[in-house]
Amino acid sequence: MSPEISKHIRSAALVLTVLTLSAFLLYTATDSDRLSSGSFSSSFATIFPSYLNYSSSSNPTQELEEILKNASMVNNTVILTTLNDAWARTGSIVDLFLKSFMLGDGTRKLLDHLVIVSMDERAYNRCRIVHKHCYALVTKGVDFHQEAYFMTPQYLKMMWRRIDFLQTVLELGYSFVFTDADIMWFRDPFPRFFPDADFQISCDNYLGRPEDMNNSPNGGFNYVKSNSRSIAFYKFWYSSRETYPGYHDQDVLNKIKSDQMITKIGLKIRFLDTAYFGGLCEPSRDLNVVCTMHVNCCVGMDRKLHDLNLMLQDWRAFMSLPPDLKNQSIISWRVPRNCRCFFPLSIYNVLRPTFSLQKWLLSFREYVSVSIL
């Protein structure tokens, strides 16, 4: 081999080595950035890299429509919940939420119609492990994976992003039951819904009549039919955040529920009886008729998890009874237990509806972190 040829070979080898080393360093730096600190950029690929691998379309709305179609009942109705990393971890809220469907009376089949809407990548990845209908809700420039402190700007963004998303679901022609993940499902709720209402919502405090606008609604559980009235209502609700800045969706709903715009829209609102759709604010006393129980009036992951586990234990004990003993109501809820220590419910029920639990909790936000009340 001539010296000239050898010189060219050495030069080519050197160039190839430099290029290979440069590519390796670039890959390493990129991968290190992606895996460090847990922060995400606003780009779709960085927020949800695994979502891109799953998705067959670059259109998130098209993906949503496909997921809703696969999960829907024959009448185009789905069950929706939202989830971020704080509630998606192993042994956390989502595991108890799904377990309640498995232990409930006739609720297991409803899991086929449940869509878990993930607010961040970690929640989405966990959803793919534990459930079959998962949707990644991307909000550019916002990272919802961390615990959101109550009533902070991050918390408010999460709540209002949810209302905006639910409006999209209605516009796609799907009715829905929205449920917070800290609600236990013990019976099929559909037989308890009003057949002629557009918007039905659970209550922190129920005054005895479903049409009474003085009932105190809780946005954690509602059944909404997709029609022109409900779509107009959600648009009005979402836009009202600008009229009442600094308030979250439930407080704003309380302010607009009797607004003349609701009458103009023609929306028929009904409030759900806490005898069937209870919570720690006002528990469902009779386990023979309860459909859902919400760990509301409670802030803090540990408190919620303790009382949720206790609630499931009580339900299991009730279901193990023979029919004659069930009818005697010998078992009642042992909750609230740890949640009772946080707020005296007897005082809360006396003060409602003039008292705002949200405003009272605001003073504790530097100590307490939650995802969704």
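Predicted model: local features only at pLDDT ≥ 70, side-chain atom pairs only at ≥ 80, totals over all residues.

Visitor: Which residues line the second largest cavity?

Guide: The lining is made up of I183, S202, C203, N218, F221, F277, G278, G279, T292, M293, H294 and N296. Strands β7 (199-205), β8 (216-224), β10 (277-279) and β11 (292-294) are the elements that each give two or more residues to that lining.

Visitor: And what is that lining like by class?

Guide: Seven of the residues are polar and five are nonpolar, with no charged ones.

Visitor: Let's switch to helices. At what angle do α9 and α10 pack?

Guide: Helix α9 (residues 228-243) and helix α10 (residues 249-256) pack at about 115°, and their axes are 9 Å apart. Angles of 65 to 115 degrees count as roughly perpendicular, and α9 and α10 are therefore put in that class, roughly perpendicular to each other. The crossing of α9 past α10 is right-handed.

Visitor: Which residues meet there, from α9 and from α10?

Guide: From α9 you have F233, F236, W237 and S240, and they meet D249, V252, L253 and I256 in α10. By class, that contact has six nonpolar residues, one polar and one charged.

Visitor: How about α6 and α12, at what angle do they cross?

Guide: Roughly 15°, with the axes of α6 (residues 93-103) and α12 (residues 301-319) coming within 10 Å. Angles under 35 degrees count as roughly parallel, so α6 is roughly parallel to α12. This crossing, of α6 past α12, is left-handed.

Visitor: Which residues make the contact?

Guide: On the α6 side, I93, L96, K99, S100 and L103. On the α12 side, M301, K304, L305, L308, N309, L312, W315 and R316. Those residues divide into eight nonpolar, two polar and three charged.

Visitor: Last topic, the backbone. Where's the cis peptide bond?

Guide: The bond from V335 to P336 is cis, with omega near 0°. P336 sits in the loop between α13 (323-327) and α14 (345-351).

Visitor: And what is the phi of N76?

Guide: N76 has a positive phi of about 60°, although N76 is not a glycine. Most residues other than glycine have a negative phi. You'll find N76 in the loop between α4 (60-71) and β1 (77-83).

Definitions and conventions: Residues numbered from 1 in each chain as written. Heavy atoms only, no water. 1 Å grid on protein atoms, 1.4 Å probe; cavity = no way out; pocket = protein on both sides within 12 Å on 5 of 7 lines; lining within 4 Å. Helix = DSSP H or I, 4+ residues; strand = E, 2+ residues; numbered from the N terminus. Nonpolar A, V, L, I, M, F, W, Y, C, P; charged D, E, K, R; others polar. Axes fitted to C-alpha atoms, helices over the stretch in contact; angles between N-to-C directions. Parallel < 35°, antiparallel > 145°, perpendicular 65-115°, else oblique. Left-handed = near helix turned anticlockwise from the far one by under 90°. Contact = heavy atoms within 4.5 Å.
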